[in-house]
Amino acid sequence: MHLLVCGGTGCRASESETIFHDLKTTIASKGLENEVQVITTGCFGFCEKGPIVKVMPDNTFYTRVTPADVTEIIEEHVIKGRKVTRLLYINPETQESVSDSKHMGFYRKQIRIALRNCGFIDPENIDEYIGRDGYQALGKCLTEMTPEQVIEMMKKSGLRGRGGGGFPAGLKWEITRASMADQKYVVCNADEGDPGAFMDRSILEGDPHSVIEAMAICGYCIDGSKGLVYIRAEYPLAIDRLKTAIGQAREYGLLGDNILGTGFSFDIELRYGAGAFVCGEETALIHSMEGLRGEPTVKPPFPSVSGYLGKPTNVNNVETFANVPVIINRGAEWFSSIGTEKSRGTKVFALAGKINNVGLIEVPMGISLREVIFEIGGGIKDGKKFKAVQTGGPSGGCLTAKHLDTPIDYDNLIAAGSMMGSGGMIVLDEDDCMVSIAKFYLDFTVEESCGKCAPCRIGNKRLIEILEKICKGNGTMEDLDNLRNLGQVIKDTSLCGLGQTSPNPVLSTMDNFYHEYLAHVVDKKCPSGQCKALLRYIIDAENCVGCTACARICPVNAISGERKGVHIVDQAVCIKCGACLEKCKFNAVFIK
Amino acid sequence: MEMIKVTIDNKVIEVEKGTTILDAAHTVGINIPTLCYLHLHDLNITNKPAGCRVCVVEVKGRRNLAPACVTECTPGMEVSTHNIRVLNSRKTVLELILSDHPTDCLICPKSGSCDLQSLAQEMGIRQIRYEGEQSTYREDTSPAIIRDVDKCIMCRRCEMMCNDVQTVGVLSAVNRGFMAVVAPAFERNLDHSECTYCGQCVAVCPTGALTEVDHTNNVIRTLADPSKTVIVQTAPAVRAALGEEFGMEAGTLVTGKMAAALRRLGFDYVFDTDFAADLTIMEEGTELLDRITRHLKGDTTVKLPILTSCCPGWVSFFEHQFPDMLDIPSTARSPQQMFGSIAKTYFAEKLGIKRENMVVVSIMPCLAKKYECSRNEFKVDGNPDVDFAVSTRELAHLIKQANINFLELPDEDFDRPLGDSTGAAVIFGATGGVIEAATRTAYEVFTGKKLDKVDFEQLRGMEWIRRAEVDFDGFPIKIGIAHGLGNARKLLEEIRDGKADFHAIEIMACPGGCIGGGGQPLHHGDSSILKARTAALYREDAGKAIRKSHENPFIQKLYEDFLGKPCGHKSHHLLHTHYFDKSNPVEIE
Amino acid sequence: MATINSLDDLRKIKAGVQARMTLREHSNTPDQLVQIKVAMATCGIASGAKTVMDFLITELDKRNIEAAVTQTGCMGYCYAEPTIEVTVPGKEPLVFGCVDTKRADLIIEKYIKNGELVEGIIPVNYESIDEK
């Protein structure tokens, strides 16, 4: 018998370590250590009901266990085989206690659709994909459905583009189908560039065939025989796996001429991107594929009408495509039963930042931020206080504690001043300075702007200059006004999505954390202590014994004082290196 | 055409479907400011990358502002072109552009004719709220063009000219974000690129980022040197445009005033490149007839068509891009170089002075002429046939500096013997003019008959590529004309593919020919100016007593006294040249 | 590989593979192989999945344990890379996180050989579409 004690941070914070220890000693005292093992596990993703103890092999799932419950669990369950009913999870819908975690699927917040095969099949073996319903959807489309029917199904499913914009995929396919041309293209946008987002890479590395299959289905629908994957060259493993997968699909005749004897032909080529963020914008992506400078052009014309080489081109991103075969196999109703009214299905998020369970998750649309961060994500690292979460990468904004219970979908995020983006979620805690965070993201957009339009090229540079000024303690109230005006103008006048969203991190942190900006500007203080220039190293006269250690270590001779007398830091000279703080043995140096 | 109704600034107007907001607004007298936008209507040249964002307007129901230059009107659209949101955005964007632009306007070569400066003035910009770091780049000086790209505002007009119109492909955007700028590949210098120095980039640059190499000070110093005999020649297209620099209407002919001004500037002899243009016709025409005659006699080695070679931008272009076809163009030097060569031999001998003591200055509508006169094959013992090629714009500066009231000047004649020319020479300045001049002479020489009518209307016009047939007394001569190097490329590719059966082709690098040259007064996107200049040249031609080059008595005398016969030994030495393969593959340093 | 010429062919392959995979995943026959999947996405490889995989292959062989070690994509537990999923015949698959060679050794010795659980188990906290 095994007793599994959750060792996730959330549970540890509520004494799971004591429980673990008590379980062990109690078992030892009963002389059962050979029959019963106690081990800690990773997070169950159910922190709200923690600490969790799971008994194997009968899968009993005890929630909210306290050290006081240990004896009862051992006496009753382990020795007498009787479950401790009061510790069982109560299904909130039926009010019945659930004893077997096998019947607790509903506690699992995640549903894996796009990631269905990731971590499950060998991505380099097409048979394993086929074994998991692979290419059935393509077969079904080609033999049993007309392109119009497939498009109708896609529209009914409510699948929206997962790359950020959220344009309905079925509608895009329909428009591309309606554009007449001798050649049309299916393009898969695998130019994932948001800092902290890597779901597309994971899908291509873990399940490349799902994308290939979906592209072929899309080709069938729009009447195009050529597919192109625009993938960043920094993803060598994804490229390798994709190439292997394309090769295998060709060998099986699932790509190439006359697929499954239906007369439909489709093949895929790779195009490598040099890692420019702006090339995730579809017109820039297309220009880059054409061998031109990767910069956007005005829409309309949309790629669906005039795209690659001037031909109608359907561009979807990796995650969008990965959903397609499942929709075909399981039906539009099944898919649209998941999620919210306007955002159907699931979304993959890359959880990062100050969160315990950093990782890739896939959750139904409409899930709350609280569930994502405190359940699946296992809460904030080191028991710190949650401050905000940045969604949508450099194009998004921050959501704060007041948004914790907002259902996550495309429209709610925009209403909250952020956006879905490609699904990066960077969690920030009390130690993060929001001005610095805004600066971090702007730094990225300034680097990644293509430079074509003036507001993005120069405006973002000016924004970051103002932020730098503020972080150095030289900001004025006028700067704050300028920041807001400039941010709004950049949004209003930039050519493409990059510039139209680049001020979001600034504007949204200003909306939600204006007091932090004020602290930097008016009080010349960084509340989180992140802005080095605003730190003040001060020597406490009470504790200082005048050992002179700090004065000797100071590289710029900013500290003065007599031996055995109180020392003083000259703030004008101090470079905030922190050497004095480290050196002082008497806790006399502190940061203000 | 489907008509749609839109509302702009509360005015309901009806426009054709597909009309942009910018154009629609123009029809009701609303001028939305633009900066990167450029539209040369008659030439069908358009640049609208929608990059400057100065023309943004508010469209009801749209999330962000719309660039008027590219946004097409849709039925029922409601547009505000100057509400507070639009004005604030427009001003902010302009301030941003100015914040990354040197403010050395007072000493900028473009001062007074800078589009950015005028816009800042119109918009009433009195402060820049967003000051910060400015992007800086290495300055690049070539024989003809200076790139001071600190002043580049990424309007991409030059890039469009260089790539789409000229297909030279030297200028394109490099770098990203704040450091993005237009430059040759690998940010090399122009003189290490395939640049032809056509100067069309300079002609459209809204700021001082692209300007000509200025020789005005060299000219002033030379004129002040008593040991030098300073001779000036003026190209045909200059007289049709110089007046614009003094506020005269485009298309005003200022031939006489120009000659008077040059004399007052202190030139010892005021001559005319037109004289050399007549000489060019003698040489090139003879070459054409020689090739045709040999062709008719069954000589299969003869190369047809013959291509004109007066345009130095065009010469550079085929040396770089078509090195396999160097034997097709005429070997005749350009009029500028023929003039220099004759001046420093024939005329220097006449004056009895050494060539070192003679300085030849040319006034050109062209920047490539600066490069041409620096080419080694046009030097004798290191002394160039033409010392300084000065643009129309530079001449205007010279005149202004010399305190000459140009508008009040009397009309004066050129000096003799190198100042007299025919109507055939003056039309060299317009596309189709050289070939028309050649036709007038070649016809009479070939057929032995007098032309009743010297005007060949079929060779004129603004169409990019023109094809015409001229009946040489039963023998049809097929003529091709292209202006703009992109169109030249098309014709050359036809020839290379054996698809063309022309006898003669005229090519001019600049749209419209020399009247649209890179050294001319700036047209600021108004193509009617180019048309007016063209018309002026044909007017001058029509008013001339002699309109055929071979009838120029001074040309006849030059051959009698000095050269012998056209394409003879001496003229071969002095008036012809050879071409070089310049197709060096790019090396990355 | 033979070309698949029709949807029926495709279905046949699927049935075949599925049968094999079902065996692999949920076998009740004790003589079946131990199945180990190593998450080999870029992140896994970067944190040492390749070393772990090599270790597992050589050690299982040395210790005469019949096992199939295969690679798979990202399981999503970035905080606990490298991750492996171990399916001992007759038992539910178990995911272990933060697997270095030391832990891999423990997994072989304790879990695979004796069915004792070892530290590092990551409870599966998602629904697969098969359940939905």
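At what angle do the axes of helix α9 and helix α12 of chain A cross? The legends below start there.

These views come from a predicted model, where local features need pLDDT of at least 70, side-chain atom pairs count only at pLDDT 80 or more, and totals for chains, interfaces and linings use all residues. Residues are numbered from 1 along each chain as its sequence is written, while chains are lettered from A and ligands numbered from 1 in the order in which they are written.

**View 1. Helices α9 and α12 of chain A cross at roughly 75°.** The axes of α9 (residues 208–222) and α12 (residues 318–330) come within 8 Å; axes are lines fitted to C-alpha atoms, for helices over the stretch in contact, and angles run from 0 to 180 degrees between N-to-C directions. Helices here are DSSP runs of H or I with at least four residues, and strands are runs of E with at least two, numbered from the N terminus. The contact includes A:V211, A:M215 and A:I217 of α9(A) and A:F321, A:V324 and A:I328 of α12(A); residues are in contact if their C-beta atoms, placed from the backbone, lie within 7 Å. By class, ten nonpolar, one polar and one charged residues take part (Ala, Val, Leu, Ile, Met, Phe, Trp, Tyr, Cys and Pro are nonpolar, Asp, Glu, Lys and Arg charged, and the others, Gly among them, polar).

**View 2. Helix α7 of chain A is largely enclosed by the rest of the structure.** Seven of the ten residues in α7 (residues 169–178) are buried, meaning that 20 or more other C-beta atoms, placed from the backbone, lie within 10 Å of the residue's own. Among them are A:W173, A:E174 and A:R177. The buried residues of α7(A) pack against α6 (147–157), α9, β12 (313–317) and α12 of chain A.

**View 3. Chain A meets chain B through 27 residues of chain A and 30 of chain B.** On the side of chain A, α16 (434–448), α17 (454–471) and α18 (477–493) each give two or more residues. The largest share, eight residues, comes from α17(A). This side has ten nonpolar, seven polar and ten charged residues.

**View 4. Strand β7 of chain A pairs with strand β6 of chain C.** The two run in the parallel sense over three bridges; strands pair if DSSP finds at least two bridges between them. A:Q110 stands opposite C:Y126 in β6(C).

How values were computed. Contact = placed C-beta atoms within 7 Å. Buried ≥ 20, exposed ≤ 12 C-beta atoms within 10 Å, placed from the backbone.
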